[in-house]
Amino acid sequence: MSNIQSDPKIVVALDYAKAKEAHKMVAQLDPARCRLKVGKELFTAEGPQFVEALIRRDFEVFLDLKFHDIPNTTAKACQVAADLGVWMVNVHASGGQKMMASAREAIDQCGHQPILIAVTVLTSLQQSDLVQVGINATPAEQVSRLATLAEQSGMDGVVCSPQELAIVRQQWPEACLVTPGIRPKWSQMGDQVRVMTPAEAIIHGSSYLVIGRPITGAKEPMVALERIEQELRSTGS
Ligand code: C5P
């Protein structure tokens, strides 16, 4: 079976501080088989030129900067991200409906329109952390509430943990659901605690899997990618 996929489910997290290290990893990866996520660390260190270099190498890039600001500033930031040519961009749902709607409007006016998703509740937050910031709801209740708001605000989907996939998929069948916290059975847990395997996450409704160390920390990243692809094929995806 060919490994070339029109819509690869795997998004490799480039969690590096320097372009040089990131490029070493990228040189081993194939844009037909995975997408790449650039987050705050690498973007702050290396800037938009680095993202443009990835796009020139035919990679689709998820720019994971989680914008959260007043509507005008967030909308402008989304517009600049779209103009960079990224495949996906995100904002914080807790920035509110006006902020998300402004981001939607801004992207709709761009020539190139990335997928626009919202972060619900950071998985690093527990119920006690939510109480401290004045939210009297369980993380699952808050995720569900923010996913509803994201849908009403015109987002294409949300970032959520594997644990929340089933509930969000049920309430929003067409959502693009992006899921970190993925660990194949054969990989180290690292600092991830509540995890699912790639196949489990797809079965529970994930659209795209953000995977870092199981691939980037492997001796042979393409072999690790291939093992995950094999697992996904077993689910029919
Ligand atoms: O190496 P690992 O597979 O744990 O990397 C997961 C990626 O997803 C990292 O870039 C991490 O910052 C990100 N992420 C996460 N949990 C969240 C949100 C993002 O692990 N809740």
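A polar side-chain atom of lysine 37 lies 3.0 Å from an oxygen atom of the ligand, a polar contact in the sense of a pair of N or O atoms within 3.5 Å. The model is a predicted one, in which local features need pLDDT of at least 70 and side-chain atom pairs count only at pLDDT 80 or more, while totals for chains, interfaces and linings use all residues. Residues are numbered from 1 along each chain as its sequence is written, and side-chain values use heavy atoms, with hydrogens and water left out.

- The residues around the ligand, with a heavy atom within 4 Å of it, include Ala13, Asp15, Thr123, Pro180 and Gln192.
- Strand β8 and helix α9 (213-216) each supply at least two residues of this shell, where helices (H or I, at least four residues) and strands (E, at least two) are DSSP runs numbered from the N terminus.

**Aromatic pair**
- Tryptophan 87 and tyrosine 208 form an edge-to-face pair, 5.0 Å centre to centre with 85° between the planes, given that ring centres must lie within 6.5 Å and that planes under 30 degrees apart count as stacked, over 60 as edge-to-face and the rest as tilted.
- The pair links distant parts of the chain, 121 residues apart, with tryptophan 87 in the loop between α3 (71-84) and β4 (88-92) and tyrosine 208 in strand β8 (residues 208-211).
- Tryptophan 87 has a relative accessible area of 9% and tyrosine 208 one of 8%, so both count as buried (under 20%, with exposed over 50% and partly exposed in between; 1.4 Å probe, protein chains only).

Key:
Phe/Tyr/Trp six-rings, centres within 6.5 Å; stacked < 30°, edge-to-face > 60°. Polar contact = N/O pair within 3.5 Å; in protein donor to acceptor, adjacent residues only side chain to side chain.
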